[in-house]
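Okay, thanks for coming, everyone. Let me put the model up and walk you through a bit of helix packing.

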Amino acid sequence: ILSIYLLKGMYVARIHIISKGSILGTPATKKGLKIVKWALMVTAVICVSLMIFMTDGTCHADLDQPGCVATFHVADVYIAQIMIVFDGALFGAFCYKWYKVMEIFKISE
């Protein structure tokens, strides 16, 4: 779970570096990157805490039921759906921003 959030953090850092020394470094971009950075940190903490405190498992030593069974609270499913929608919104914002960048480059030709 944390590796996915670290990967997203790397993308945010790359966008910060790209926008730092170019015309993309507007105050709105800086504010948006700050919001995304904090949102990623908060959702990472929520996701890890849900995985630690809201999951449980039992292992069976019987021959009829070998292995372990993981159980989780129904709130995990709802939170996961919300995080998927949030991730989709972030990806949509990322695509929209790069579309605007391409329009700027197309105009400057």
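Predicted model: local features only at pLDDT ≥ 70, side-chain atom pairs only at ≥ 80, totals over all residues.

Residues are numbered from 1 along each chain, and side-chain values use heavy atoms, without hydrogens or water.

Back to Thr43. It lies in helix H2, helices being DSSP runs of H or I with at least four residues, numbered from the N terminus. Thr43 counts as buried because its relative accessibility is 13%; the cut-off is under 20%, with a 1.4 Å probe and protein chains only. Beyond its neighbours within four places in sequence, Thr43 is in contact (heavy atoms within 4.5 Å) with Tyr5, Met83 and Phe86.

Now the helices. The axes of H1 (residues 2–20) and H2 (residues 27–53) come within 10 Å and cross at roughly 170°; axes are fitted to C-alpha atoms over the stretch in contact, and angles between N-to-C directions run from 0 to 180 degrees. So H1 is roughly antiparallel to H2, the label for angles over 145 degrees. Tyr5 and Val12 are among the H1 residues in that contact, with Thr43 and Leu40 among those from H2.

On to H3 (residues 74–108): its axis and that of H2 come within 12 Å and cross at roughly 160°, so this pair is roughly antiparallel too. Thr43 takes part here as well, and H3 contributes residues including Met83 and Phe86.

Terms used. Helix = DSSP H or I, 4+ residues; strand = E, 2+ residues; numbered from the N terminus. Parallel < 35°, antiparallel > 145°, perpendicular 65-115°, else oblique. Buried < 20%, exposed > 50% of the residue type's maximum accessible area, 1.4 Å probe, protein only.
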